[in-house]
Amino acid sequence: MKVVVVGGTGLIGSKVVAMLGEHGHEAVAAAPSTGVNTLTGEGLAEVLAGAQVVVDVSNSPSFEPAAVMEFFETS
């Protein structure tokens with residue numbers, strides 16, 4: 001099964017990707033460093049093609065309340 005992990009290169013996401021891979025799934029890390037930007041939509045359609053599951057463990061780059069809200073509303 002193809003599983004896309006948004007935030008898949010971060011602390012938690014990288015562990016999720018590894019664990020899914022160990023269980024035989026096609027786990028794909030979606031993050032800016034892999035060409036996927038959930039704020040702009042860049043690379044999103046391509047990475048989601050054929051995915052059965054999406055796991056979102058992304059986090060806002062800022063902890064300022066308005067910036068956090070904007071990040072999650074947009075992404």
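**Close-up views of a predicted model**

**View 1. Ser 60 is a buried residue, with a relative accessible area of 7%.** The model shown here and in the other views is predicted. Ser 60 counts as buried because its value is under the 20% cut-off. Ser 60 belongs to the loop that lies between strand β3 (53-56) and helix α3 (65-74). A polar atom of the Ser 60 side chain lies 2.7 Å from the backbone oxygen of Ser 62. Leaving aside residues up to four places away in sequence, Ser 60 touches Ala 67, Val 68, Phe 71 and Phe 72.

**View 2. Phe 71 and Phe 72, both touched by Ser 60, form an aromatic pair.** In the whole structure, the search finds one aromatic pair. Its rings, those of Phe 71 and Phe 72, are arranged edge-to-face, with 4.9 Å centre to centre and 85 degrees between the planes. Are the two residues buried or exposed? Phe 71 has a relative accessibility of 9% and counts as buried. Phe 72 has a relative accessible area of 40%, so it falls between the cut-offs of 20% and 50% and is partly exposed.

**View 3. Strands β1 and β2 run parallel.** Strand β1 covers residues 2-6 and strand β2 covers residues 26-30; five bridges join them. Within this pairing, Val 5 stands opposite Ala 29 in β2.

Key
Residues numbered from 1 in each chain as written. Predicted model: local features only at pLDDT ≥ 70, side-chain atom pairs only at ≥ 80, totals over all residues. Heavy atoms only, no water. Helix = DSSP H or I, 4+ residues; strand = E, 2+ residues; numbered from the N terminus. Buried < 20%, exposed > 50% of the residue type's maximum accessible area, 1.4 Å probe, protein only. Polar contact = N/O pair within 3.5 Å; in protein donor to acceptor, adjacent residues only side chain to side chain. Contact = heavy atoms within 4.5 Å. Phe/Tyr/Trp six-rings, centres within 6.5 Å; stacked < 30°, edge-to-face > 60°. Pairing = 2+ DSSP bridges.
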